[in-house]
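Good morning, and thank you for joining.

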Amino acid sequence: MSTHCVAELQEARKCFGKLTALDGLSIQVQAGELFALLGPNGAGKTTAISLFLGLARPDSGCARLFGKPPESIEARRHIGVMMQEAALAPELRVREQIEMVAAYYSEPLSAEAVMDRTGTTALAPRPYGKLSAGQKRQVQFAMTLVGRPRLLFLDEPTVGLDVRARELVWNTLQDLIVGGCSVILTTHYLEEAEALADRVAVIAQGHLIAQGSVDDLRSLVVRKRITCRTHLSPEQVSCWPDVQSASLDRDGLHITTTNAESVVRRLLSADDDLHDLELQRAGLGEAFNELVQGVNA
Amino acid sequence: MKSIALAENFAPGLEPALSTTMPSRRFLRAYLSEAKYESLRMLRSPGFTVPFLTLPVALYLLFGVVLFGTELAKDSKAALFVFMGFAVFGVMGPGLFGFGVTLAMEREQGLMKLKRALPVPPAASLLAKMLMSMLFVTMVMITMLAAAPIGHLHFTAGQELALLICGVAGCLPFCALGLFIGSAASAKGAPAFVNLLYLPMIYLSGILFPLPASMHWIVLASPAYHLAQATRAAMWTASEGAPAVHVAVLAAATLIFTALAVRRLQQAG
């Protein structure tokens, strides 16, 4: 195990009855990186996180947190956890929820400090059960940070947040990464992973199907998209070599191609009046869809 | 990573903690904090406080004073029987429901899972629920002792202390039973299972009304009966059977149901 590796699954296999949830999954998360774990529903993300957190044990292979078994309380004193489904006691006030979690750690932040950083100070005296869904997520995020963790597990951290609150979470995560903290993020918002992640792993049917930077994953998809305003019709363009599809809408002509340079050259030579030309790479979303479809095919 | 402008108030201070050890003072604080907030949340739940804090004394005043007060004033044995019945009734609820229903809900709603993932000290959540139950039982015993003179019962300070200690310690087998139900039942099913145990245990233990001699064997299976007899013995009042046997039965029920529940929680989470 690398000295900079904070969490690791090594050939982890986990079955539930006849269902194989994870089949020899190996993942390493390094210090100071935001690692996004992506996959369709039922891919094995939750099982992988459960192994990382020591909530379940692999049938074979191993899971390590800071080089120790995840069940070790010493290892868990360096993690913060935000689970999507955990329902906290509705009777306790926000400050009390944060203070209760702070007590589990050896060197926690004060409740005031963490509420200040997460924009939850105004919520401090309010019972948790009276908060909106978005406010509850903000409080859960504050609880995640209060122990000054070295590794955060965040499950859909920005679901239900407004734009400002989401930006605050993103900014805080960036600060944490700069400070040397690592983050394991599971999210269905691919734009969130695209914006924040240093590395991404895509799993499907319990297998790791791709791992690397966002750019690495995008490069797996060779398609690019061209948009322009032209007198050429979709029917004319769609029969050109390397053009996969062409369609017209009020934004102009959209072309999907595997050889953008060649198609752009031909477009420019075919229409002198062509304008508003834009060329886009495949996004993480397209890369994700292609990877997952490849597995399901 | 994309560049996002940092808010001005995000000064350094989020650096990860480096210490790998937890001072024993902070360790103890974690247990106390868990117990404090468990008690606070239950005290703020009217659905828990109203029935378990007020019902035992209210029923005692109704039956022991308002309805049958005149008759009981002439019969100290019967007055003590009624008092002891509602005192034991007050001991049973917080442990059975505080563990059984809330644990099942916390399991189903993911809170137990979150606490297992967090560095919560070993058994802190269960100890917190136990201390919460003991706190509620203490309050119930104090209100019962305050109501006793109205029911023509006058205890010595030693008897009052014995009742308090027996009540607080006596809630443990009910905590263990609640823990067992909470570890196995769903959130929806737990209240039904707890009531399925709670109501027969009250009515078939002979603590509220004597059962016919032919049915006496049934009471031996109820922890409520053994607690009532052990408490009577500790208060130097007439009791049935050997006190050591009652204590042994209560201790065995506590250990067996705790062991079953812990095994179940380790298997299922």
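Let us begin with the lining of the largest pocket, to which four helices each supply at least two residues: α2 (73-76) of chain A, and α5 (111-117), α6 (124-147) and α12 (243-268) of chain B. Helices here are DSSP runs of H or I of at least four residues, and strands are E runs of at least two, numbered from the N terminus. The model is predicted, so to speak plainly of its limits: local features need pLDDT of at least 70, side-chain atom pairs count only at pLDDT 80 or more, and totals for chains, interfaces and linings use all residues. Residues are numbered from 1 along each chain as its sequence is written, chains are lettered from A in the order in which they are written, and side-chain values use heavy atoms, without hydrogens and water.A pocket is an open set of 1 Å grid points, over the protein atoms alone, where a 1.4 Å probe fits, with protein on both sides within 12 Å along at least five of seven lines; lining residues have an atom within 4 Å of a point.

Which helix gives the largest share of the lining? That is α12(B), with five residues. The pocket holds about 800 Å³ of space, and among its 24 lining residues Arg76(A), Arg116(B), Ala123(B), Leu265(B) and Gln266(B) lie nearest the centre.

Turning to chain B, its secondary structure consists of twelve helices and zero strands. Its C-alpha atoms fill a box of roughly 85 × 35 × 35 Å along the principal axes. Of its 269 residues, 50% are buried, that is, under 20% relative accessible area with a 1.4 Å probe, counting protein chains only.

How values were computed
Grid points are joined across faces, edges and corners, and a volume is the space filled by probe spheres set on the points.
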